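Please keep the structure in view while reading.

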Amino acid sequence: MKADFSQPQRQSIVGIWVMFFYALQQYARAFWPILVIWIFKFDEVNKWYLFLGVFGLFGLIGVVSYLKYLNFTFFLDAENEEFVITEGVFNKTKTAIQLNKIQQVNINQSFIQKIIGVYELAVDTAGTNKKEGSIKAISHELALALKSRLLDNEVKAIFPIDAIQDIIPEEKITIEEHPFIKISFLSLLKVGITSNYEKSIALLLVFFTTIYENLNHFGDNKVIDNEKVGAYIDANLVLQTVLISIVFLFGIVLIVNVVRIVFRYFDYKITRQKGSLLLSFGLLNTKSTIIKPEKVQITTVTSNYFQKKMNILEIKIKQATSGEEEERKSAIEIPGCNVAEQHAILKLLFHKIPEKGVQLQSNFRKLIFSIFITIGLPLFVFYLVRSFIIAHFPSVDYWVPAYVGFVGLIQFFKFKNNRLFITNDFIIKQSGAWDISNEIIEPCKIQAITTTQLFWHKSLNIGSVILHTAGGNVAFQLGDFTKIKQHVNLWLYEIETSDSNWM
């Protein structure tokens, strides 16, 4: 099969349906209040105008989708070494992406695309906070061929002057090889029951709060009578009720965690491809992406007590981004791998397993300051408000010791685990209270370094350092400032003399 990307070509013809459904979703999100009114007042609305309006809207979306398909073309410009995309309905735009600036190419498949049988190819560089180019409907074989050429650094090999190459057979063989790492369903279950409690609890609190408010404000009468609920719970059973509620909430959190992890990372496979990692995963929305070792900025290995006992851990890989929000969204996670699989991934990314070298530890004043911020200041504000505004609220006092003990314990373990390990090839920042994270960066990939020392810290010889990379920042506070400056000088020298191509 020949893949001629030198001439402008369109997406698959069925891409019209993909654009139609995406446009329909956008209109539905924009006009959902009107849709809700129509649903509740369906009997009062003129049916003829309603169906005529819906038919007209569908027709308009269909015409726009066809024009989007017709005007969308893409090709590879061999002379200028660019990937060119032209799109638009009435006002056409032309996007030219330099091949050597391409940071990442992802092949995704949403639920709608899976039904229709096409894939999306998204091109990303480190220049903006959005995808520079996206092809919504393309066959899987064509997407793999285009992705391979876009990520190939040897542009001349991709664009022969006299002929267009076939899809390289060995690439196809590499893609079809069995993955060297496959995250099992059991591993995903383990990750689901041992991680991300904060996200699930916050999600549940928002959900139940919204449901409660809507039930109480739906109509003139309250659906939930607080007095009846209070009378129903016997005063002698308050403790049992609280314990049952906690167990119930914990059970829901576990279920939500497991479902979310399984749906997102189902059938997680990692394959070697020409010195890179090819990752594919997802149940309803599948994603396929390549990680090139030279593009990796920060690699984070995270585990907690239960995960260590189950021999699982999580790896998060950050590449070059243009902001904190984009950094959070574009981080690639590998959940549920064991120690042997972790070593295999790290060897492929760094050509060796990073080791912890010279250790820097924060001064105990960091613990004191953290306790002041998380315990002292909140309690001061609470008692100040209670004294002047709330006359009688004694029951909360019983929770103060529990709050102080719990938060104090968290801050102590955070301080205990806060370390910076330095070798000639790696910098490892360790942090966390329950989930212990180790952020790994290479000195040659540091973009800038910021050192700070407050004037009252000079006599104590303590200060802070922030390492700025294209994938985010790594900060270490209140360490030995003399040692920090010594290492900073070495890092700056390596930055100036390094010729690594990590962008």
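K445 is buried, because its relative accessible area of 4% falls under the 20% cut-off. In this predicted model, K445 is joined by a salt bridge to E442, with 3.0 Å between the closest N and O atoms.

Side chains of opposite charge can pair when their charged atoms come close. Another of these bridges brings together the side chains of K292 and E294, at 3.8 Å from N to O; here K292 is buried, with a relative accessible area of 10%, whereas E294 is partly exposed at 29%.

A further salt bridge connects K269 with D267, the closest N and O atoms lying 3.8 Å apart. K269 counts as partly exposed, with a relative accessibility of 28%, and D267 likewise counts as partly exposed, at 31%. These two residues are also part of a network of salt bridges in which K182 is linked with D267 and K269.

Turning to the aromatic side chains, a search of the whole structure finds 15 aromatic pairs. A pair of aromatic rings is described by the distance of the centres and the angle of the planes. Y268 and F281 form a stacked pair, with 4.7 Å from centre to centre and 10 degrees between the planes. Y268 belongs to strand β8 (residues 268-273) and F281 to strand β9 (residues 276-281), and the pair thus links parts of the chain 13 residues apart. Both Y268 and F281 are buried.

The rings of F306 and W434 meet in another geometry: their centres are 5.5 Å apart and their planes stand at 70 degrees, so the pair is edge-to-face. Because F306 lies in helix α12 (residues 305-310) and W434 in the loop between β16 (427-431) and β17 (436-441), this pair ties together parts that are 128 residues apart in sequence. F306 is partly exposed, with a relative accessible area of 43%, and W434 is partly exposed as well, at 40%.

Elsewhere, ring pairs link W17, F20, F21 and F58 into a cluster. Charge and ring come together at R272, whose charged end sits over the ring of F180 at 4.1 Å from the ring centre.

Conventions
Residues numbered from 1 in each chain as written. Predicted model: local features only at pLDDT ≥ 70, side-chain atom pairs only at ≥ 80, totals over all residues. Heavy atoms only, no water. Salt bridge = Lys/Arg side-chain N within 4 Å of Asp/Glu carboxyl O. Buried < 20%, exposed > 50% of the residue type's maximum accessible area, 1.4 Å probe, protein only. Phe/Tyr/Trp six-rings, centres within 6.5 Å; stacked < 30°, edge-to-face > 60°. Helix = DSSP H or I, 4+ residues; strand = E, 2+ residues; numbered from the N terminus. Lys NZ or Arg CZ within 6 Å of the ring centre and 35° of its normal.
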